Every structure is written in structure tokens, then in C-alpha cells.
Amino acid sequence: MATRKAQVINQAEVAPLPQAPQGAFFSYMHFIDEVQVLIKAGDGGRGCISFLREKYRPRGGPDGGNGGDGGSVILRVDPQLGTLIDLAHQRHLRAEPGGHGRGKNQHGKKGQDLIVRVPPGTIVRDVESGETLADLNTQAAEAVLARGGKGGKGNAFFASATNQAPRFAQSGMPGEERSLRLELRLLADVGLVGFPNAGKSTLLSVVSAARPRVADFPFTTLTPHLGVVRYGEDTSFIMADVPGLIEGAHEGHGLGIRFLRHLSRTSVLIHLLDISHLEQDSMHDYEVINHELACFDPGLAARPQLTVVTKLDLPDTRRRLPEVEAAFAQRGIPLLAVSAATGEGVKELVSHIAHTLETYKAASLKVETTKDMAVGCSQQS
């Protein structure tokens, strides 16, 4: 019987990209984090109706082989991928059908599995039911989303002492078919939020090796960026920078809130405030951002949050800092202050983030352990 093989979609080969033009909007247009695809597993091959006809064997009997199983559609994580862009150009994914059975007890070959490579953090939902089918959030994760049809049995399979010459065989079963929506959610421990031009990209470029676009005008960040922040001897966490929010973002103003889904897996949020403009109300800015977070996901707004004043190297920021600190202290909100340009306060901020992150993860682990113990006790009782 033929061995099963795997047909791999190498996204670089399926849809080769043209030479990337220069410009900010190229990265925005080519950061695809949501696609809809139709997948179809391979149908099973037909069983064969055949009788052995050879010289000197007048009653050779049935020798129809079985059909081969159809290939399945499998999604597999590829850590080297960062977007779903290639699947945006290939909306129909089909696995290979199984081969038909033939005479002389020759079975049809099994269809090749179709392996679709996706970036880590991909969530797969069924379009019709809305059910979440898979959450591929680890580097070795994979999921079979459509199983190939079983091959039909040939007439040799049905031969018996009471039915020595069956003249029938099975048709192959059809492979599964479904419409899927793939959503990418970046895997990060810490997320940066704030108004445009609050210094998020600059801070990320200072504390990590990430190199997001930095400029002195709003909306320089058009796509999310990730950076690995190292602290201590052998410890680190992943920080995510998403495009800035403005008032009314949940209604579609600015770039909207579509990129906030990439903060859904984060444990801690860093809320950056730019207080260098004298006419700005810092408390109002703080409340606007948290309102937009709550409109998108109340659970996201409830995450541990560190409030950080940026651009401490500017004279106006340093002059206004005591006043702003006093206003936030009345609300019970402590402030940190940093200057990414000079490095002032950056080391202390990383230490605060690491401590908050470790505390949050320890508390979450304790809650999960308590739930597991409660479930175990209820099952025993």
C-alpha cells in the first residue's frame, strides 16, 4: 500500500511577493492579520469490482482493490511567519483525493495531506457556527481542520464462504469541507498603549532590538511590532507595540481598534502619556485610552497597568511632571517617568514591568491550580 506523504504549502513559493516599495503604507497594507479561506479535504477513492482472469485459473475469484483515503488539511505553526498575507491570495485550499482501487488487489494510493503554514498565535474559527476550532499559540502546534474521506472497499474485501463472487464495491467517502476565518493575535507578555506619538515605538526600540519606524508625527506606527526585552542574566519578556489610539477609535476613528486584538494575550499593559503639551489634559487622555480599551474588551481594560510619562528630557515635561503626579496620586495611580532619548528611568521601568509581570503570572498560576483542585475534588465526590 502506498505510503502517506505530506504536501506542504511553502507560502513564499505559493504567492511570491513583488519587490517591496518604499513607504509607510506598504507595511500597513501587507500586514494581514485576518483572512477567510475555504478548505476541502480529499475524497476517498472508489473500490474496484474486478475478477481474476488468468490462464489455468478459471475461477480466480474477486480481486478488486480498495480505494485510498483522501488527504487531510492541516494547519501547522511556522515560527518564521509573521502575517497571514500569503493566505490572502489563496482562498481555496484542497488536499489531494485518494486513488481508485484496481484489479489484481491493487489498492489506490492515499492522498497527500495539505499542510498550511501559519504564524504562531493564529486562531481558527468556523465561519458558519462561529466556533473556535483551534488556537495555535505554541511553536509546535498543529491542527487537522478537515479530514480526508475514507476510501471505498473493493469487491475482494466482501468475498466470503457464502458470497464467493461479490459484484459490488463501495464508493469513497467525501472529504470534509468548511469555511474558516483565521485571526492572528501576536504572542506578547507586555503591551504598549497610548495616543499616537506618545513614544511607544521609541521606547520599544530602546529596550529591545526591534526597529519600528520612529518619526515626530502621529501614526508613524501602522502595524504591530514585537521586541524581546532582556533583564537579569537569562530572563526576558516580549513587548508589543500597536498603532496609537485616539478618541472614538472603537467607532472607527483613526486606525480604529482592529489591532487591539494583538494585546488580548498580554499580561501587563504599559500606558504611555505625553505631557509635554501644556494645553493637553493628561487625565482626560488617560481616561480616553482606557475607555477605548473597555469598549473593545472589558477584560483587557482590567489587566495590570503601569502608567508611564514619556519624553522626560523635554523641559515642558519635566516642568509639568509634579503637577501631573499629584493629580494622578489623588486617583491612586502611581506614575513612572522615562526618557527614551537619554535612557533616564528606562532601567527602572523594565524592572517594574518584570516585577509586575512575575506577580501577575504567579497569581494566575495560583488561580488555575485552585480551579484544577476544585475540579478534581468534585469528580472524586
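Guide: This is a predicted model. Start at E34, which stands opposite E183 in β9.

Visitor: What makes β2 and β9 a pair?
Guide: Pairing takes at least two bridges. Seven bridges join β2 (residues 34-40) to β9, so the two strands pair. They run antiparallel.

Visitor: Which sheet do they belong to?
Guide: An open sheet of five strands, in the order β4-β2-β9-β6-β7. The pairing is mixed.

Visitor: Why are β4 and β7 called edge strands?
Guide: β4 (92-94) and β7 (132-136) each pair on one side only. From one strand to the next, the twist averages 25 degrees.

Visitor: What makes the link between the side chains of S179 and Q36 a polar contact?
Guide: The cut-off is within 3.5 Å. The two side chains are at 3.5 Å, so the pair counts. S179 lies in strand β9 (residues 177-184). Beyond its sequence neighbours up to four places away, S179 touches Q36, V37, L38, R125, D126 and V127.

Visitor: How do you know that the length of helix α4 fits its residue count?
Guide: α4 (residues 282-296) has 15 residues. At 1.5 Å a residue, they should span 21 Å. The end C-alpha atoms are 22 Å apart, which agrees.

Visitor: What caps the N-terminal end of α4?
Guide: D281 does. One of its side-chain oxygens lies 3.2 Å from the backbone nitrogen of M283.

Visitor: What do the buried residues of α4 pack against?
Guide: Buried means under 20% relative accessible area. Among the buried residues of α4 are M283, Y286, V288 and I289. The buried residues pack against β10, β13, α5, β14 and α6.

Definitions and conventions:
Residues numbered from 1 in each chain as written. Predicted model: local features only at pLDDT ≥ 70, side-chain atom pairs only at ≥ 80, totals over all residues. Heavy atoms only, no water. Helix = DSSP H or I, 4+ residues; strand = E, 2+ residues; numbered from the N terminus. Polar contact = N/O pair within 3.5 Å; in protein donor to acceptor, adjacent residues only side chain to side chain. Contact = heavy atoms within 4.5 Å. Expected span 1.5 Å × (residues − 1). Buried < 20%, exposed > 50% of the residue type's maximum accessible area, 1.4 Å probe, protein only. Axes fitted to C-alpha atoms, helices over the stretch in contact; angles between N-to-C directions.
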